[in-house]
Amino acid sequence: MDCFVGVDVGTTNVKAMAMPADLSQILAHASAPLTMLNPEPGYAEQDPNEIWSAFVQVIAEVVQETAKGGHTITHLAFCTAMHSLLPMDDDGKPLGNAILWSDNRAEAQATELRTTKADLGKSIYQETGTPLHPMIPLCKLAWLREHDPRMLRRTAHFGSIKEFLWHKLTGAFEVDFSIATATGLFNESAREWSKIALDYAGVRPDQLSPPVPTTYQRTYQPNSSSRSTNLPAGVSLLIGASDGCLANLGAGAIKRGTATLTIGTSGAIRQTVRKPLRDAQIRLFCYYLDEGHYAVGGPTNNGGNVLEWVSEKLTQQETKAVLEEAATIDPGSDGLLFLPYLQGERAPLWDASVRGAYLHVDWQHTRAHFVRAALEGVLFNLLSINELLTEFTGPARVIHANGGFAQSTLWVQMLADMAGVPVRLNASNESGSMGAILLTMKAIGLVKTLEEAAERVAFGQTFEPDLHRHKVYRTAFKKWQDALARL
């Protein structure tokens, strides 16, 4: 039986999943962890060679598992995290580590585009749909221009982690429209690199990959570096899209009124729209998924990392124990509020220097209150982004939730109670890999539209909101918003 593989290259893991064309079951699954490097305060990097090794490992495992079941891999598609920047030579060899979305070294450059060069910043946003923040390659390149001009000159090619992996497999430098729209360097309507953005960044078009549609394919032929994947010759490689866009598709959230909320290490809330959107205040992103489909929304730096902080730093307990402790406290944490900005913030503040705080602390509050308030603060921040999004897309009637937080029934029920709408989980929590597989099905004609593809998504549990808890949370959310405004 033929099968498709979706590969999800994130910040913390590389994952791969194989499914048959009818999506009836998961035929194989593999995952390998990745290491975050923080060589200096505010820096966030990864070793591209470690990512390649993890990729080789998971693909080899999936190839072996599918072969045991008598299945043949015919297509492999990519879903990768956005905003990474990797300097490479002509042969695709890394000249350093990949700089990640969470890296804040380019804070001054982002601030410049929002203040002293605000007219230029607005023009770049209008062309690209990418908010101005240290996360984006545009600002990272401008940082290199000022702080490491030698690296800027000696680099033959600047690309993303996906482009590095793609080159290792195919020998070609190419980037999909989706990852390109997340760089701050790509003119979304013209489908080409933006001259004004490149001039500001200090790079030439020939230092960047030719952009291609998200359904672009190449036929795989093993080479000396890729042979260890055991991927058979002739497999069709589909370049795919970014993790945010494919999480929408993989969650079945294509139609109007359906939002996707993802919390992994970071988080985001998004809707899929048919035309590009722009926010005059530059608070929302708009990224290309496929022709006529764009993911619009806002990302947060502070998602699952807040739970990790609570577990490791605040309580020194395992995550399971932390969640059990949070469940002992009533909604609203008896008035305790948490602003979850442990690592700066993207939406809705777009301020890399902001930091978190507990507010309204009093004698009655226990450690369990602090734990629950932290979880609530993450969701309050995402719902504040959703309020911005609603101005452009209309309200969400249902939220499709995915990411690591979806494994906690407590946290997902909190979301339903806060939002006041049903929250649905996928049968599989691998929405990125699923989205890559669904995009493959559209690319090869098994489905005609992404709407038809999204209808193939299977769902698990639906969490209904409790109206009493929703009322409590609406009051708490208003106090949280007032506190944020004062900040």
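Student: How many helices and how many strands are there in the protein chain?
Tutor: This is a predicted model, and its secondary structure is counted over the protein chain as a whole. The chain holds both kinds of element, and the count comes to 16 helices and 23 strands.

Student: Which radius of gyration does the protein chain have, and what does the globule rule give for 487 residues?
Tutor: Along its principal axes, the C-alpha trace of the protein chain spans about 65 × 55 × 40 Å. The globule rule is close to the value of the model, so the chain is as compact as a globular protein of that length.

Student: What percentage of the 487 residues in the protein chain do buried residues make up?
Tutor: A residue is taken as buried when its relative accessible area is under 20%. The accessible surface of the protein chain comes to about 18,400 Å², of which 50% belongs to carbon and sulfur atoms. Among contacts with a separation of 6 or more, 72% are between residues 24 or more positions apart. The buried share of the 487 residues is 60%.

Student: Which residue in β2 is the bridge partner of V7?
Tutor: Strand β1, residues 2-9, and strand β2, residues 13-20, pair in the antiparallel sense over 7 bridges. In β2, the partner of V7 is A16.

Student: In which loop is the place of N230?
Tutor: N230 is not a glycine, yet its phi is positive, at about 65°. The residue sits in the loop between β13 and β14.

Student: In what order do the 7 strands of the open sheet stand?
Tutor: The pairing here is mixed, and β17 (285-290) and β23 are at the edges, each with a single partner strand, so one side of each is left without a neighbour in the sheet. Neighbouring strands are turned by 30° against each other on average, direction ignored. The order is β17-β18-β16-β15-β21-β22-β23.

Student: How many residues of β17 are buried?
Tutor: β17 pairs with strand β18 (residues 293-300) in the antiparallel sense over 5 bridges, with D290 bridged to H293 and F285 bridged to G297. The hairpin of the two strands has 2 residues between them, and G292 takes a positive phi near 85° there. β17 is largely enclosed by the rest of the structure, because its buried residues number 6 of 6.

Student: Which handedness does the β-α-β unit of β21, α13 and β22 have?
Tutor: Strands β21 (residues 398-402) and β22 (residues 423-426) run parallel and are joined by 3 bridges, with A401 and L425 as bridge partners. Helix α13, residues 409-419, is mostly covered, with 8 of its 11 residues buried, W411 and D417 among them. Just after α13, G420 takes a positive phi of about 75°. The unit made by β21, α13 and β22 is right-handed.

Student: Which residues does a cis peptide bond join?
Tutor: The bond has an omega of about -5°, and its proline lies in the loop between β19 (337-339) and β20 (357-359). The two residues joined are A347 and P348.

Definitions and conventions:
Residues numbered from 1 in each chain as written. Predicted model: local features only at pLDDT ≥ 70, side-chain atom pairs only at ≥ 80, totals over all residues. Heavy atoms only, no water. Pairing = 2+ DSSP bridges. Helix = DSSP H or I, 4+ residues; strand = E, 2+ residues; numbered from the N terminus. Buried < 20%, exposed > 50% of the residue type's maximum accessible area, 1.4 Å probe, protein only. Rg over C-alpha atoms; globule rule 2.2 N^0.38 Å. Contact = heavy atoms within 4.5 Å. Areas by Shrake-Rupley, 256 points an atom, 1.4 Å probe, with all protein chains shown as cover. Right-handed = clockwise from strand over helix to strand, strands pointing away. Axes fitted to C-alpha atoms, helices over the stretch in contact; angles between N-to-C directions.
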